[in-house]
Each structure stands twice: as C-alpha cells, then as structure tokens.
Amino acid sequence: MSKNYYDAADLRKFSKITDWSPELGNKFFDYYGKVFEEGALTAREKSLIALAVAHTEQCPYCIDAYTKDGLQRGITKEQMMEAIHVGAAIKSGATLVHGVQMMNKVDKLEM
Amino acid sequence: MLEEIPMKKSLKARNNDIAKTARQMEILSSGIFATGELPTFAAKIKETHQFPLRPNKLEILQINLGYMCNQVCGHCHVDAGPDRKEIMTVETMQQCLDVIKTTEAHTLDLTGGAPEMNPNFRWFVEEASKAGIKDFIVRSNLTIIRANKKYYDLPEFFKKHNVHVVSSMPHWTRGKTDKQRGDGVFDKSIKALQELNAIGYGLEGSGLKLDLVYNPSGAFLPGDQQALENDFKKELKTAFNIDFHSLFAITNLPISRFLDYLIASDNYEEYMTSLVEAYNPSAVTNVMCTNTISISWDGWLYDCDFNQMLNLKVASTVKHISNYNEAKLQDRNIITNQHCYGCTAGAGSSCQGVVA
C-alpha cells in the first residue's frame, strides 16, 4: 500500500470500484458515461466544465483525467485556464457572498 | 539555398541510442510488457483469435522516397531531417514503376521525409501517373512548398497530375504547431494551404483532394476525428480562409523520436497504458498493414511504414522490390509488436485516419 494518500497510478484502478459493489459501481459508470456523451452540450463543453469542477473539488485524479481529455479534444491551454478561472471565480464569489450574512448579523447584533 | 526551419538534428545524427532499431525493439519488449503488467500485442489479439494477423486485399502501395526532410518534427517516426541522406535511386524507382503497372492496389501513397526533396520526384510522379492509378497520394509537409524557389510551383505540378495532397497540421494554433514541427512551420503551412486553395485544392466539390493529418502534440491520444475535423474547419476558415476536405486523426506510435520523447519526459509507461486500455479489437480487422505494402527508399518491403522504421522486413520469401510477387507477398503473416497498439487504440489509426 502506498504511503501517500494520493497515488497517480490509482486513477487506472478506478474501474475496480465495481469489485466490491458491482450493481452500484456499474450504475455509476453507466451514468457517468451517459453524462459525458454529446447532448444539448457538446462533449467538448462538458470536458471544460469537468475540468473547472475538478479544480473546485480539488480532485487530483480528475484534474489529470480532464487535462488529458482536453488535450485529446484539441482544447487549448488558454481555454483550459479560462475554464479554471470560472471555477475559481465561483469559488471565491461563494466565499465572499457569505460576507452579506456576516454583515446582516453584525447589523442585527450591534446597537 | 534551401531555407530550413530552425531545428535540431535527427536521432541518427546525434548518435542517440534510440536511433538503433534493436534498441527500440528491446524497449518495446521489456519493462511493463515483460513483467506482465501490460499484455503484449500478440497476447491481446490472441484473445479475439486474430493472431497471426494476415493481409486482406491489397489496396495501397506506400513508397518512401527517402528520409531527407526540411523539418525535424518532435514526433517523427521516420527520424527524418536535412541530415538524412537516404534517398531512393532512379533504379529503385524504375523497379517500383514496374510494380505499379501490374499491382492490384488502387492507391499509390508517396511519403518520406519530404518526398519532394528526392531529385527524381517529379520524373517519378510523371511516370507513375501514366499507370492510371485511381488515388495518387503525396504526403507533403507543406513548408517544402515555401522552402525554396524550385518548389514554388509544386501546387501546379500536383494539380497537373491530379495528385491527392495529404498534409500534416497538428493544430490550428501557431504555438502548438511550431512546438511539434519547428519555429515558423505554422505560418509557412498556412501560406502553402492558401496557395493550394487558390488553384482549387481542398474546395468543396473540387476533384483536387486536399486532406490534413492531425497528430497529437504530446503524450495523449487523438480525440474524435469528426469533432477535430469540425474544429479545424471552423478555425482555419475563420482565421485564414482555408478550406480542406477531410482530417485524418493519427495516433503517434511509440517508436523513434516519439519513443525518445516519451522516455525523456517520463511518459512512456502511462502512454503505453493508455494505448492498451483503448485497445479496440474491431480496429484490428481494418488496420492498415492488412491492405498496404510499404516500400523503403532502398527497395525493401514492409507491412507498414512503422515496421520499416523498425527494420522489420516482411515475413515472406519476397522481401525486395526487385523480386516483387504480389501473390506470394499476400500469403504472409504480418509482423507485430507492442508499437502496433498505436494503430488499434480507440477508433484505430492509419495513414488514412480512423479505421473502426
């Protein structure tokens, strides 16, 4: 067993999740595969969304996977970086918007 | 004076160990394939009873006119470059012409290096076109058309002989293209494509065929060919008013310069794993070695251009163009090794793009 919590090689073992619960594991992978098919959004657009979410979720496996997926689709590094900024903007905005709650509380508590 | 693209030297000129085909074969047969971490290609195709691989109907004669090139691309499986002096002689060309006149193949595919740099290229094209072959392909790197005045009229020459031009273009952006193929390649390629368009090549409904080849610019596989073609068409039309017919997405095979890159960048194992994981048995049925014979600059016969670069001559009593016998050649087992995973990954890969 690895001494690290994250090991890049573990991504290749992802499909083994089905070993200990085939029914749920297979349902997940069927769903996952379906989500990323061409639909109202293109597979390319979905790949960029996945890359942005991979960063906000801070999942190193997903970052590796969707960086490679983006390159395979011909997505440029500038497009990938912009997608990550979208994720970062929402993440920081989500932090900051809670400031309104702080302000509301201050206004309520202070005389 | 030939205007060269700023470049490095070939692996051969650098005396790089990987320039030796025996060393490449050793790498491909050891490590993760020797430990059993990944199955060998032979074991994999045995699973679907496709071993040994045998030829189907012969459709394509691919002739390599020489390894000389004005570019030194980072992924080149030929290890081509200006320092490579291997060039097909007129004598060997004549032997090829004798075969072209009698072959059942409907497509003649000239490649290199830059085939146009062979001093007898034009004579060979003129003579070969008289044989009335159905599809006559020249794989042009595009920049050769702008490399020297003596090549400026190549588009007209291609048109005169109704040559089907197939050209490499790894991306529609300058940065990615130049990184793989050398500084300045993108701008010269764009100019060459515009010149080909100007005389009718690549236009909708035009019989003058112009196709592009996409190779991934790194240690990853090509995405969906149709989606890439759509993106290339949109981007090249919008930015440069360029038209072309089809885009062939070709996987980089782990040999020669690309193998050197994979090892140097510590991507070899992950790349081979990606190829094996993407293995598609239905791609094996139509893989290009089943319908192609590859002929080297010195007349030897191979199952494909990749086997040529690994010096894996056909497993047949007929091994050279001088005693070519199509019936005997077609009755052979195709030589495979781990590099063949490159042609069977995903939708498959060949010089004509996807196969599955």
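Strand E1 of chain B runs parallel to strand E2 (residues 107-111) of chain B, and the two are joined by five bridges; helices (H or I, at least four residues) and strands (E, at least two) are DSSP runs numbered from the N terminus, and two strands pair if DSSP finds at least two bridges between them. The model is predicted, and local features therefore need pLDDT of at least 70 and side-chain atom pairs count only at pLDDT 80 or more, whereas totals for chains, interfaces and linings use all residues. Residues are numbered from 1 along each chain as its sequence is written, and chains are lettered from A and ligands numbered from 1 in the order in which they are written.

Ser294(B) in turn stands opposite Tyr302(B) in E8(B), where E7(B) and E8(B) pair in the antiparallel sense over two bridges. These pairings belong to an open sheet of eight strands in chain B, with the order E6-E5-E4-E3-E2-E1-E7-E8 and mixed pairing. Its edge strands are E6 (247-249) and E8 (301-302) of chain B, each of which pairs on one side only.

E1(B) is mostly covered, as five of its five residues are buried; a residue is buried if 20 or more other C-beta atoms, placed from the backbone, lie within 10 Å of its own, exposed if 12 or fewer do, and partly exposed in between. Ile60(B), Gln62(B) and Asn64(B) point one way from the strand, while Leu61(B) and Ile63(B) point the other way, and all are buried. Leu61(B), Val165(B) and Tyr214(B) have the most contacts inside the largest nonpolar core, which has 116 residues. Such a core is a set of buried Ala, Val, Leu, Ile, Met, Phe, Trp, Tyr and Cys residues joined through C-beta atoms within 7 Å. Helix H7 (residues 185-198) of chain B gives the most to this core, with six residues. Residues up to four places away in sequence not being counted, Tyr214(B) touches Met169(B), Pro170(B), Pro222(B), Leu228(B), Leu247(B), Phe248(B), Ala249(B) and Ile250(B), contact being defined by C-beta atoms, placed from the backbone, that lie within 7 Å.

The loop between strand E1 (60-64) and helix H3 (90-102) of chain B holds Met68(B), which is buried because 21 other C-beta atoms lie within 10 Å. Beyond its neighbours within four places in sequence, Met68(B) is in contact with Ala80(B), Pro82(B), Arg84(B), Lys85(B), Ile87(B), Gly113(B), Ala114(B) and Met117(B). The C-alpha atoms of Met68(B) and Val78(B), which are ten residues apart along the chain, are separated by 9.6 Å.

At the level of whole chains, the secondary structure of chain B comes to 13 helices and eight strands. Its radius of gyration, taken over C-alpha atoms, is 19 Å, close to the 21 Å that the globule rule gives for 356 residues, so chain B is as compact as a globular protein of that length; the rule is 2.2 Å times the number of residues to the power 0.38. Of these 356 residues, 53% count as buried, and among contacts in chain B between residues at least 6 apart in sequence, 75% join residues at least 24 apart.

Chain A has five helices and zero strands.

The contact between the chains takes twelve residues from chain B and eight residues from chain A. On the side of chain B that touches chain A, helix H8 (residues 225-240) of chain B gives the most, with three residues. By class, that side has six nonpolar, five polar and one charged residues, where Ala, Val, Leu, Ile, Met, Phe, Trp, Tyr, Cys and Pro count as nonpolar, Asp, Glu, Lys and Arg as charged, and the others, Gly among them, as polar.

Definitions and conventions:
Two residues are in contact if their C-beta atoms, placed from the backbone, lie within 7 Å.
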